[in-house]
Amino acid sequence: MSVPEDLLKEARGAINRAYAPYSGYRVASAVRAGSGAIYSGVNIENASYGLSMCAERVAIFKAVSSGERKVREVLVMVERGEPAPPCGACLQVIAEFGDDDTIVYSISNEGNKLKVWRLSELLPHRFSKEFLGIKEGQK
């Protein structure tokens, strides 16, 4: 399986906007929403580390704030090194707007190594609205 070119192009165009002065670990993400539209994001660090935000969540939050409620594909692009999966917080956000079949791609901008998973592989026992007593279609 390969990364869709439109997701790859969007992430490559965004990665230089990452703000990572503390870790030097720059990441970009591109997500395909249910409408087919693509939203990008980059990691944004903060001197108070807990306030930093991952690229995946930035991209998904942009999609949701634009009216989207479904995420079909997520690309994580690291600037260098090995392709990395999303962190636990990002996986939970992907789970909120995706489903078991949501595809997660990870690639390094410096090479052609690629990893691909379904959300169900990365987060098989996710927390969901059903645990809150909310059924599908309820708010």
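The largest nonpolar core of this predicted model has 22 residues, and those with the most contacts inside it are Val 31, Ile 60, Val 71, Val 74, Ile 94 and Leu 119. A nonpolar core is here a set of buried Ala, Val, Leu, Ile, Met, Phe, Trp, Tyr and Cys residues joined through side-chain atoms within 4.5 Å, where buried means under 20% relative accessible area, exposed means over 50%, and partly exposed lies in between (1.4 Å probe, protein chains only). Because the model is predicted, local features need pLDDT of at least 70 and side-chain atom pairs count only at pLDDT 80 or more, while totals for chains, interfaces and linings use all residues. Residues are numbered from 1 along each chain as its sequence is written, and side-chain values use heavy atoms, with hydrogens and water left out.

**Nonpolar cores**

- Leu 119 touches Leu 91, Ile 94, Ala 95, Asp 99, Asp 100, Thr 102 and Arg 126, not counting residues up to four places away in sequence, with contact taken as heavy atoms within 4.5 Å.
- In soluble globular proteins, nonpolar side chains tend to be buried together.

- Five strands form an open sheet of mixed pairing in the order 2-1-3-4-5, where two strands pair if DSSP finds at least two bridges between them.
- The edges of the sheet are strand 2 (38–42) and strand 5 (114–118), each of which pairs on one side only, and the twist from one strand to the next averages 15 degrees.
- Strand 1 (residues 27–33) pairs with strand 2 in the antiparallel sense over five bridges; in this pairing Val 31 stands opposite Tyr 39, and Ser 40 is the bridge partner of Ala 30.
- Strand 1 and strand 2 form a hairpin with four residues between them, and Gly 36 in the turn has a positive phi of about 100 degrees.
- On the pairing of strand 1 with strand 3, seven bridges join the two strands, which run antiparallel, and Val 31 has Val 74 as its bridge partner in strand 3.
- Strand 3 and strand 4 (residues 103–108) run parallel and are joined by six bridges, with Glu 73 standing opposite Ile 103 in strand 4.
- Strand 3 is largely enclosed by the rest of the structure, because seven of its eight residues are buried; strand 2 is mostly covered, with four of its five residues buried.

**Helix 2 against the sheet**

- Helix 2 (residues 55–65) lies across strand 1, strand 2 and strand 3 (71–78) and runs at about 140 degrees to strand 2; the axes are lines fitted to C-alpha atoms, for helices over the stretch in contact, and angles run from 0 to 180 degrees between N-to-C directions.
- The buried residues of helix 2 are Ala 55, Glu 56, Arg 57, Val 58, Ala 59, Ile 60 and Ala 63, and these pack against strand 1, strand 2, strand 3 and helix 3 (88–97).
- Gly 67, whose phi is positive and near 105 degrees, follows helix 2.

**Cysteines**

- The structure holds zero disulfides, a disulfide being a pair of cysteine sulfur atoms within 2.5 Å.
- Cys 87 is in no disulfide, and the nearest cysteine sulfur, that of Cys 90, is 3.7 Å away.
- Cys 87 is partly exposed, with a relative accessible area of 32%, whereas Cys 90 counts as buried at 0%.

**Aromatic pairs**

- The structure holds two aromatic pairs; rings of Phe, Tyr and Trp (its six-membered ring) pair if their centres lie within 6.5 Å, and planes under 30 degrees apart count as stacked, over 60 as edge-to-face and the rest as tilted.
- The rings of Tyr 22 and Tyr 49 have their centres 6.0 Å apart and their planes at 70 degrees, so this pair is edge-to-face.
- This pair links distant parts of the chain, 27 residues apart, with Tyr 22 in the loop between helix 1 (5–14) and strand 1 and Tyr 49 in the loop between strand 2 and helix 2.
- The rings of Phe 127 and Phe 131 have their centres 5.4 Å apart and their planes at 15 degrees, so this pair is stacked.
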